[in-house]
Amino acid sequence: MADRQPVPWRRIATEEAFLIPEVHDALRSWAAGADPDEPDQDFWGFVLTQDLPGLQRVRRQLLDTDDERLAIMDEHGVSVHLLSLTAPGVQTFGDAQAVELAALVNDRLAAIIARHPDRFAGLAAIAPQVPHAAAAEIERAMKTLRLNGVVINSHTRNEYLDEEKFWPIFEAAQALRVPIYIHPRSPSAQMAAPYRKYGLETGMYGFQAETGLHAIRLICSGVFDRFPDLKIVLGHLGEGIPFWLYRVDYMHPVRSSRNSRPKLQLTPGEYFKRNFAITTSGMNWHPALRFCIEAVGADNIMFAIDYPYQLTVGAVQFMDSAPIPDQDKHKIFHLNAERIFGIPAGAGIAAGTGTRPATG
Ligand code: MN
């Protein structure tokens, strides 16, 4: 293949999934069960066991970090994947298994980054079901392993992070200035049933409904008055929240005046702009991108592919061709990720001149 054209922006992709064999096997065992408290067992059983070609590809690409993934990144001029353990992470496992596997994942992630320091950064897996162990793992992942943030796959055993028992996680994250990426999973058991009839519990709609609810709960709980420096990252252009902010702000004073609901120092929209950033994962749609730039600002938006669940080519073409100023493209493609996740500026390839020889 001829030399690839250099591109005028570094591309950092910020919601890129991977899996290690030990967690793959543990998830398959879990998904084979029938726990009514874990409504997405059958979804993950489908993803992890069915022999459809698309799912075989997804499993192969989740488990690979050194070969096919780098070739695809090179082919499409993606400099960096910010890696995160695929949903639902370790959050469905028993306490001891979850704590142990999270640490193993993070050790493995640090080794992957050490092998390819210019190509990968990583978000630490934690076991929120054991909040103090999760907080300790955040500290180890940041100070010892030098990872770039934390990933939590929305609810943990149907509980949300606004419950105070989880706040040691926020305490650690704020103290260490660590962003927490709240990645989707299917709606919790309390809200799962109405999604089932038409398969809506997936990325088609339910992931967004679950994760958007989670974020709004955090805002309305007063978490961001207690932890004003906490940074939460949401995928899928903010899981619908930017579009809804006006109405949330309009309704919130009335709703919060009832009973003993928390009184907030700021409006919900002010927290969203101060404490949240969003990524473009799986939302390759220019009208939505332009709206989000207007609603929350180009400084709060980052590029993401959602590899391997979404295709790299579509995400790159979407952002390359976005009808927005070049300075915003630089922010969304790399400057914001460098700032928010502490990814070293300028390291790594200019696209298309990777550490691997061109193939094909
Ligand atoms: Mn994802």
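Leaving aside its neighbours within four places in sequence, which residues is H24 in contact with? The legends below start there. This is a predicted model, where local features need pLDDT of at least 70, side-chain atom pairs count only at pLDDT 80 or more, and totals for chains, interfaces and linings use all residues. Residues are numbered from 1 along each chain as its sequence is written, and side-chain values use heavy atoms, with hydrogens and water left out.

**View 1. H24 and its surroundings.** Beyond those sequence neighbours, H24 touches L19, L48, R59 and L63 (contact means heavy atoms within 4.5 Å). H24 sits in helix α1 (helices are DSSP runs of H or I, at least four residues, and strands are runs of E, at least two, numbered from the N terminus). With a relative accessible area of 11%, H24 is buried (under 20%; exposed is over 50%, partly exposed in between, with a 1.4 Å probe and protein chains only).

**View 2. Helix α1 against helix α5.** Helix α1 (residues 21-31) and helix α5 (residues 95-115) pack at about 150°, their axes 9 Å apart (axes are lines fitted to C-alpha atoms over the stretch in contact, and angles run from 0 to 180 degrees between N-to-C directions). On the α1 side, P21, E22, V23 and A26 make the contact; on the α5 side, Q97, L101, L104, V105 and R108 do.

**View 3. The manganese ion.** Its protein donors are E15 (OE), H183 (NE2) and D306 (OD), 1.9 to 2.2 Å away (donors are N, O and S atoms within 2.8 Å of the metal, or 3.2 Å for Na, K and Ca; water is not among the atoms, so sites may look incomplete). H183 is buried at 14% relative accessible area, and D306 is buried at 8%.
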